[in-house]
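Biologist: Could you help me learn to read a ligand site?
Modeller: Gladly; let us look at one together.

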Amino acid sequence: MDAFVYNAHAARVVFGAGSLQHLEREIGLLGAQRALVLSTPGQRKLAERVAALLGAKAAGIFDGAVMHVPIEAARQARDEARRLEADCAVAIGGGSTVGLGKAIALESGLPILAIPTTYAGSEMTPIYGITEGGLKKTGKDARVLPRTVIYDPDLSTGLPVGLSVTSAMNAMAHAAEGLYAQDSNPIMSLMAEEGLTAMSRALPGIVRRSGDIEARSQALYGAWLCGTVLGNVGMALHHKLCHTLGGSFNLPHAECHTIVLPHAMAYNAPAAPEAMARIARAIGTQDAAAGLYDLARDNGAPVALRDLGMPEADLDRAADIAVSNPYWNPRPIERTAIRALLQNAWAGVRPVTNVSRNP
Ligand SMILES: NC(=O)c1ccc[n+]([C@@H]2O[C@H](COP(=O)([O-])OP(=O)(O)OC[C@H]3O[C@@H](n4cnc5c(N)ncnc54)[C@H](O)[C@@H]3O)[C@@H](O)[C@H]2O)c1
Ligand SMILES: O=C(O)CCC(=O)CC(=O)O
């Protein structure tokens, strides 16, 4: 076994259907008296339910969370937290809402209690992202890692099936890249494999019946594991491509991850055969790249960037941006091969690598 460094991030997790009922207890354990509840406009009603559960400990609601955390939204939320003299942020929603909580915590150090309702996994990471002047900047800071996470599958039954599938693929991308990360370690790899398995088993159940609590529980469990991997080891080509397509071409986050993931795996397969074998084993397939493509397609997710409205003419510029300041990657970043990868992802070609067959 190779030598490795393992850093555990402290977070308290309360998991299970109905666990939102423990919110007051959990706020008490954080020692908070005045919680600012955060949500998107679309999840305002849920935020009001949370505020009602908090009673006198609710300082107010800010429902201005927006994808990729525009600096304007971050400033408004920070001002509101100051005005209300909040001593804690309760973020209920997906990665956008948790991200807004992180923007507040980054400046003020306020503790975050996160209640995730998608599978993006931000609640398990010290990674923040803020968009200013059309550019998204990401960074790491221990202050933004939520102190407590309540995973209540009941709250995810309303997540539309389409977004459930793409959000799950977003989570699986964290685990897949974690398996070949430069700073990977055996503990994170265990979590990555288990997270991939949980997600691949959960998806058909969610697609069959959106309110299937067992499937929703499996998916949230998977989100927890995959998010933990994202928070602990470095991401590579796949995340760079998605950050390029989301940040510079405004393509939707989870859908981008879903479409690009099989192609990024095909690109990296020759350089990371063991990771490919583990991914394939975890999702019960022969070939990691093709298996991830099939999982998305068979559960009704988009598989082509052109179906997200990306013009073919933008592929050259996307390749240029993706190869500039690349993240560490197991296979060297070659512009011609990246351009070909993007072409395949744009057209929705099913990749097959034949590298993952020997678990
Ligand atoms: N920092 C990190 O570690 C990290 C990790 C993953 C994603 N992210 C960031 O998170 C953002 C994407 O997050 P996301 O994919 O979760 O999307 P999101 O938070 O933007 O949510 C998408 C939409 O779904 C709605 N929604 C969420 N949960 C719902 C539910 N249960 N029922 C009905 N509607 C629901 C939201 O209101 C929103 O309109 C991106 O900005 C991404 O960069 C950050
Ligand atoms: O936008 C952020 O906060 C970083 C997102 C990230 O690295 C994970 C992802 O792309 O899903």
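Modeller: A residue counts as near a molecule if one of its heavy atoms lies within 4 Å of it. This is a predicted model, where local features need pLDDT of at least 70 and side-chain atom pairs count only at pLDDT 80 or more, while totals for chains, interfaces and linings use all residues. Residues are numbered from 1 along each chain as its sequence is written, chains are lettered from A and ligands numbered from 1 in the order written, and side-chain values use heavy atoms, without hydrogens and water.

Biologist: Which residues come nearest to ligand 1?
Modeller: Thr 40, Ser 96, Thr 117, Thr 118 and Thr 125 do, out of 22 residues around ligand 1. By class, that shell holds seven nonpolar, 13 polar and two charged residues; Ala, Val, Leu, Ile, Met, Phe, Trp, Tyr, Cys and Pro count as nonpolar, Asp, Glu, Lys and Arg as charged, and the others, Gly among them, as polar.

Biologist: What polar atoms lie by the oxygen atoms of ligand 1?
Modeller: A polar contact pairs N or O atoms within 3.5 Å. Here, a polar side-chain atom of Thr 118 is 2.6 Å from a ligand 1 oxygen. Backbone atoms take part too: a polar one of Gly 95 lies 2.8 Å from an oxygen of ligand 1, and an N or O of His 68 lies 3.0 Å from one.

Biologist: Which helix gives the most to the shell around ligand 1?
Modeller: Helices are DSSP runs (H or I, at least four residues), numbered from the N terminus. Helix α4, residues 95-108, gives the most, with three residues.

Notes:
Polar contact = N/O pair within 3.5 Å; in protein donor to acceptor, adjacent residues only side chain to side chain. Helix = DSSP H or I, 4+ residues; strand = E, 2+ residues; numbered from the N terminus.
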